Amino acid sequence: MSMSYREIIRNGLWGNNQALVALLGLCPLLAVSNTLINGLGLGLATMLVLVLSNGTISFIRHWVRQEVRLPIFVLVIASFVTAVELAMNAWFHDLHKILGIFIPLIVTNCTIVGRAEAFASRNPVPQSMVDGLSMGAGFTLVLMTLGGLREFIGQGTILSGIHLMFGEASKVMTFSFGDDFHGLILAILPPGAFFGLGLLIALKQVIDKRSARRAIVSKTDATTTTAAAER
Amino acid sequence: MIRQYKDILHSAAILGIFGILGATLVSLTWTATAERIALNQQQAFLRNVYKLIKHDEIDNELLQDVITIRSPALSKNEVQVYRARRQGEPVAVVFSPVQSPGYAAPIRLMVAVRADGSLAGVRVLSHLETPGLGDKIDESRSDWILGFEGKSLENPPIAKWKVKKDGGVFDQFTGATITPRNIVATVKKTLEYFEKEKERLFKQPAESPDEPPFH
Amino acid sequence: MEFPVHTSPYGQLPNNVTRLMAQVLLALVPGIIALVYYFGWGVLINIGIAVATALAAEAGVLHLRKRPIAPALMDLSAVVTAVLLAIALPPLLPWWMTVLGVLFAIVMVKHLYGGLGYNPFNPAMAAYVLLLVSFPLSMTRWLPPEMLNQNPLDFLQSLVVIFGGQLPDNLTWDAITSATPLDEMRTQLEMHKTISELSQNPIWGDFGARGWEWIGNWFLIGGLFLLWRKVISWHIPVSMIAGLLISAGIFWAIDPESMPSPAFHLFSGGLILGAFFIATDPVTASTTPRGRIIYGFLIGVIIYIIRTWGGYPDAVAFAVLLMNMAAPTIDYYTRPRVFGARDDGHD
């Protein structure tokens with residue numbers, strides 16, 4: 001039943017994207033996606049926890065009894081989250097201050113316990129870690145897209161606060177419309193996150209439907225032409 | 001029966017082991033990062049202070065030279081007063097956090113007053129003002145808050161410590177007068193408090209707080 | 001196999017919708033005339049922009065959804081949404097904000113939820129909130145009413161301001177705009193002035209602010225017309241006004257110097273307009289008689305709470321949206337019992 005890496009990666013980034021398809025982890029997703037950099041910061045933290053917890057849980061999957069598996073998953077995840085939080089506070093202090101409560105809240109992100117239960121506890125370590133990586137990357141990409149969109153519409157900048165992650169020198173990469181642009185403030189407020197996510201989900205549906213239709217058309221093309229000829 | 005007990009014991013043991021492993025991981029990380037985190041917090045606070053008072057104006061350990069005051073005019077809670085000195089002579093004090101009433105919730109301010117009674121500057125530490133209206137008090141949104149630098153109770157005269165709409169000299173924002181008006185009033189009260197208590201503020205021996213509060 | 005799903009009210013034919021909407025528009029006329037009289041041409045220009053945008057947006061979305069366009073445009077519902085939004089907007093709002101608001105109302109709030117009859121939220125109010133939250137500065141820039149206005153703008157000047165953002169040469173925004181009475185009251189009270197002190201100001205009239213206090217009455221005429229024509233029922237307007245008056249009355253009785261009187265609340269902001277024209281929207285309001293009373297009453301209470309302690313000065317839009325959300329639940333618990341059903345719920 002083990003899947004190919006290709007399949008795992010495809011699932012994480014698109015087919016079973018945790019934010020757009022499974023709709024998991026909405027609380028941090030909606031709360032922190034007000035700028036691209038905030039999204040990236042929380043996304044990377046989530047991804048790191050996912051890889052570590054998936055790896056660990058897969059590694060111990062033969063020793064853990066069914067009855068106590070969930071408490072153990074939670075223990076493992078909580079330990080990693082706390083460690084990641086402390087590390088962020090030490091090395092990315094300013095970003096940590098902005099992301100605040102949402103880093104410890106990664107514990108409650110259903111994606112993580114979901115992947116532990118659905119994947120890591122039944123698959124070998126390497127696959128599980130790749131699954132963590134690709135699920136985390138898919139989540140991060142959505143966070144960044146949503147963050148970038150909201151930041152652009154809401155305050156007319158892109159990559160604002162980049163120095164929080166990459167140092168003062170990277171400040172030149174911030175793009176801004178200038179101070180006269182006031183933006184659609186709603187976009188950086190919580191409702192903007194819901195509208196943004198809704199539109200992203202709709203966009204994904206449109207793309208999926210298009211590609212499905214194209215697949216059908218190319219398959220049925222041959223049959224319809226023969227049918228028409230017979231008539 | 002016996003088998004059941006064995007299962008329970010087995011599960012408990014596994015849970016216990018993971019508990020211990022998790023705690024170990026967390027405590028190891030904590031030991032590795034605690035010092036750095038404390039340092040970060042101090043630096044974040046000092047960076048804010050140094051925006052108001054130049055680093056080379058001071059030669060004392062600002063974070064050690066602190067007293068706690070209580071004054072209903074400045075805040076419902078305790079206010080920390082950090083004393084900046086050079087060769088033992090008073091340079092300035094930093095009040096933090098001073099609370100000003102806001103439109104929605106109290107606004108927390110850092111107010112730095114020089115020994116001569118003029119303002120080294122004011123910064124907003126946290127606020128919940130309406131986005132797009134009252135949030136212009138934030139340094140990242142507009143330069144308004146920078147306008148306090150150099151002001152004192154003589155400049156402008158005390159009667160002019162108001163927003164322009166009320167006949168004073170300070171700008172208000174169109175559509176949001178309450179926020180700037182309250183901040184101006186609070187800063188004025190802080191200056192008055194300083195004027196009255198100047199002596200004591202610099203002389204009172206420093207406390208040694210177990211854990212310096214940073215904001 | 002797909003079954004058509006209808007929400008209440010049942011038994012409405014399309015031409016009935018048209019008749020209904022036409023009567024609503026007719027009922028709005030006295031209020032609109034009053035608004036134009038007190039606040040100038042900007043009101044009419046806003047209505048024009050909003051209606052044009054609404055019709056274009058409606059046609060565009062229907063085309064995308066592959067639905068017939070003409071009948072939906074003829075039912076006038078988009079026009080009603082546009083007019084209700086436009087008269088809630090400040091008279092000199094930049095044109096693109098009005099356009100943005102109407103697009104949001106028609107495309108996002110109405111059609112993304114399924115179109116006429118399916119939208120859970122009142123489109124005009126959702127758009128109003130979008131604009132208020134996004135452009136708080138422009139949205140709180142009202143004009144002083146006619147008798148206090150030193151610099152009234154003529155039609156051409158209003159057009160230039162709305163479309164070009166250019167004020168006439170000798171004027172500034174601060175000179176021609178003023179806060180709404182609710183805004184002003186809130187600001188003064190925050191300064192710890194007492195009501196008797198601040199009522200000295202010439203902007204205040206007999207029970208509300210001069211000019212403003214009369215607009216409600218004109219909308220009231222339209223509202224009574226709707227009641228008479230049975231376009232709306234009495235439940236929502238009456239209970240909504242009662243909800244506000246009772247809340248305001250309690251606090252006013254306790255502290256008349258720092259709590260504005262019920263009369264002030266009644267004739268300020270969008271209360272009358274909201275009670276007769278907005279909260280009564282048949283699609284988004286509660287549909288049972290008992291439900292309507294609860295729905296309207298709670299809107300009134302929420303308006304009072306937000307006006308007094310909230311972050312924005314007026315609250316009709318917020319209160320209506322909040323109760324829109326509660327309407328299905330209210331309906332569920334207030335459904336009239338079916339004849340013959342047993343008390344224990346088994347039938």
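The model is a predicted one, and over all its chains it holds 16 salt bridges. Side chains of opposite charge can pair when their charged atoms come close, and a few of these pairs can be followed in detail.

In chain A, the side chains of Asp208(A) and Lys204(A) form a salt bridge, with 2.6 Å from N to O. Both belong to helix H9 (residues 190–230) of chain A, and because they are four residues apart there, about one helical turn separates them.

Glu197(B) counts as buried because its relative accessibility of 19% falls under the 20% limit, while Arg200(B), with a relative accessible area of 34%, is partly exposed.

In chain C, Glu58(C) forms a salt bridge with Lys110(C), and their closest N and O atoms are 3.1 Å apart. This pair links distant parts of the chain, since Glu58(C) lies in helix H2 (residues 42–64) of chain C and Lys110(C) lies in helix H5 (residues 95–111) of chain C, 52 residues apart. Both partners are buried, Glu58(C) at 2% relative accessibility and Lys110(C) with a relative accessible area of 3%.

Chain C also gives an example of helix packing. Two packed helices are described by the angle between their axes and the distance between the axes. For helix H4 (residues 77–88) of chain C and helix H6 (residues 123–134) of chain C, the angle is about 35 degrees and the axes are 8 Å apart, and the crossing of H4(C) and H6(C) is right-handed. On the H4(C) side the contact is made by Thr81(C), Leu84(C), Leu85(C) and Ala88(C), which meet Pro123(C), Ala124(C), Ala127(C) and Tyr128(C) in H6(C). Of the residues in this contact of H4(C) with H6(C), seven are nonpolar, one is polar and none is charged.

The chains themselves also meet. The size of an interface is often given as the accessible area lost when the parts come together. Between chain A and chain B, about 2,000 Å² is buried, and carbon and sulfur atoms give 73% of that area. Arg65(A), Leu86(A) and His93(A) supply 27% of the area that chain A buries against chain B, more than any other three residues. The contact joins 25 residues of chain A with 22 residues of chain B.

Two salt bridges are found across the interface of chain A and chain B. The side chains of Arg65(A) and Asp7(B) meet in a salt bridge, at 3.4 Å from N to O, and Arg65(A), Glu67(A) and Asp7(B) are linked in a network of salt bridges.

Chain C and chain A bury about 610 Å² between them, with 84% of it on carbon and sulfur atoms. Eight residues from chain C and six residues from chain A take part in this contact. Met108(C), Val133(C) and Ser134(C) supply 56% of the area that chain C buries against chain A, more than any other three residues. Between chain C and chain A the count of salt bridges is zero.

Conventions: Residues are numbered from 1 along each chain as its sequence is written. Chains are lettered from A and ligands numbered from 1 in the order in which they are written. This is a predicted model: local features need pLDDT of at least 70, side-chain atom pairs count only at pLDDT 80 or more; totals for chains, interfaces and linings use all residues. Side-chain values use heavy atoms; hydrogens and water are left out. A salt bridge is a side-chain nitrogen of Lys or Arg within 4 Å of a carboxyl oxygen of Asp or Glu. Helices (H or I, at least four residues) and strands (E, at least two) are DSSP runs, numbered from the N terminus. Buried means under 20% relative accessible area, exposed over 50%, partly exposed in between (1.4 Å probe, protein chains only). Axes are lines fitted to C-alpha atoms, for helices over the stretch in contact, and angles run from 0 to 180 degrees between N-to-C directions. A crossing is left-handed if the near helix is turned anticlockwise from the far one by less than a right angle, and right-handed if clockwise. Contact means heavy atoms within 4.5 Å. Ala, Val, Leu, Ile, Met, Phe, Trp, Tyr, Cys and Pro count as nonpolar, Asp, Glu, Lys and Arg as charged, and the others, Gly among them, as polar. Buried area is the accessible area (1.4 Å probe) that two parts lose on being put together, summed over both.
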